[in-house]
Amino acid sequence: MRSGILSVDIGGSGLKATVIDEEGQVLAERMRVPTPHPCPPALLLEKVVAMAEALPAFNRISIGFPGVIRNGKVQTAVNLGSDSWLGFALADELSARLGGRPAKLLNDADMQGYGLVSGHGLEFVVTLGTGIGTAWFKEGELLPHMELAHHPIHGGASYENYLGEAALESIGKKHWNKRLGKALNLISIIFRPDRVFIGGGNVRHVELKLPEFVILGSNLAGLKGGAALWKKAGTPKP
């Protein structure tokens with residue numbers, strides 16, 4: 001019997017969870033509930049525990065979180081609307097709520113990247129959702145996390161302001177896609193990646209013609225990437 005990993009992808013608009021195997025293959029139908037706003041730690045734990053209890057057996061937990069993670073603790077949580085996240089040890093708390101099963105915590109774009117990259121060359125990951133996430137890999141190894149989303153891209157606006165959910169709703173898909181094209185061009189100039197993967201819930205709105213090195217990914221990647229947190233070699237250390 002394959003050992004299961006509870007994989008949790010925390011997004012600004014939805015909380016997703018499923019059970020995967022050690023290779024990232026999905027073993028149960030993905031569960032999703034809307035993310036409350038605001039979403040303080042206690043409420044998020046309540047929602048995730050309820051999903052976990054409805055899923056098949058698992059013995060480990062992987063969590064992708066939309067913010068900066070340091071030493072297993074949350075440092076930022078811009079899209080969850082609660083200051084109580086600062087310094088919160090989410091992996092430890094969820095582990096305690098789920099019978100002491102060991103848990104690991106990683107930035108959500110980093111975890112999604114593990115579910116997308118080929119493992120060859122320099123690969124950049126962009127996630128399009130409520131906010132914007134980025135991750136950077138070399139030969140399949142996760143490089144130090146960057147918050148490119150908060151860097152200015154146009155007229156003082158950050159990537160998050162420029163391409164996030166609020167911008168999409170405000171300017172419409174046509175202009176949003178033009179902005180995405182500009183952002184991808186800048187990423188190509190700055191990082192010179194061999195491949196760029198685009199993931200996240202708003203990947204379904206991408207309509208522009210993409211260069212060959214830009215690849216659209218599955219929204220399940222954020223969950224499948226949870227397997228990498230338990231690999232013996234190359235395990236990410238946020």
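What is the volume of the largest pocket? Please also describe its lining, and then the packing and the loops elsewhere in the chain.

Analyst: This is a predicted model, and its largest pocket has a volume of about 590 Å³. Of the 38 residues lining this pocket, Gly 11, Gly 12, Asp 108, Gly 129 and Thr 130 are the closest to its centre. Strand E2 (14-20), helix H3 (108-114), strand E8 (122-128) and strand E9 each supply at least two residues of the lining. By type, the lining residues divide into 21 polar, 9 charged and 8 nonpolar.

The nonpolar packing comes next. In soluble globular proteins, nonpolar side chains tend to be buried together. The largest nonpolar core here has 31 residues, and those touching the most other members are Leu 6, Ile 10, Leu 44, Ile 63, Phe 65, Trp 85 and Leu 90. Two or more residues each come from strand E1 (5-10), E2, helix H1, strand E4 (60-65), helix H2 (90-97) and strand E7 (103-107). H1 gives the most to this core, with 6 residues.

Leaving aside neighbours within four places in sequence, Ile 63 is in contact with Val 8, Ile 10, Leu 90, Ala 91, Leu 94, Ala 103, Lys 104, Leu 105, Leu 106, Met 111 and Leu 229. A second, separate core has 23 residues, including Ile 153, Trp 176, Leu 180 and Val 203.

The peptide bond from His 37 to Pro 38 is cis, with omega near -5°. Pro 38 sits in the loop that runs between strand E3 (31-34) and helix H1 (41-53). Asn 71 is not a glycine, yet it has a positive phi of about 55°. Its loop lies between strand E5 (69-70) and strand E6 (73-74). Asn 71 counts as exposed because its relative accessible area is 73%, and the cut-off for exposed is over 50%. Glu 139 is likewise not a glycine and has a positive phi, of about 50°. Glu 139 is placed in the loop between strand E9 (132-138) and strand E10 (141-142).

Terms used
Residues are numbered from 1 along each chain as its sequence is written. This is a predicted model: local features need pLDDT of at least 70, side-chain atom pairs count only at pLDDT 80 or more; totals for chains, interfaces and linings use all residues. Side-chain values use heavy atoms; hydrogens and water are left out. Helices (H or I, at least four residues) and strands (E, at least two) are DSSP runs, numbered from the N terminus. Buried means under 20% relative accessible area, exposed over 50%, partly exposed in between (1.4 Å probe, protein chains only). A nonpolar core is a set of buried Ala, Val, Leu, Ile, Met, Phe, Trp, Tyr and Cys residues joined through side-chain atoms within 4.5 Å. Contact means heavy atoms within 4.5 Å. On a 1 Å grid over the protein atoms alone, a cavity is a set of points where a 1.4 Å probe fits but cannot get out, and a pocket is an open set with protein on both sides within 12 Å along at least five of seven lines; lining residues have an atom within 4 Å of a point. Grid points are joined across faces, edges and corners, and a volume is the space filled by probe spheres set on the points. Ala, Val, Leu, Ile, Met, Phe, Trp, Tyr, Cys and Pro count as nonpolar, Asp, Glu, Lys and Arg as charged, and the others, Gly among them, as polar.
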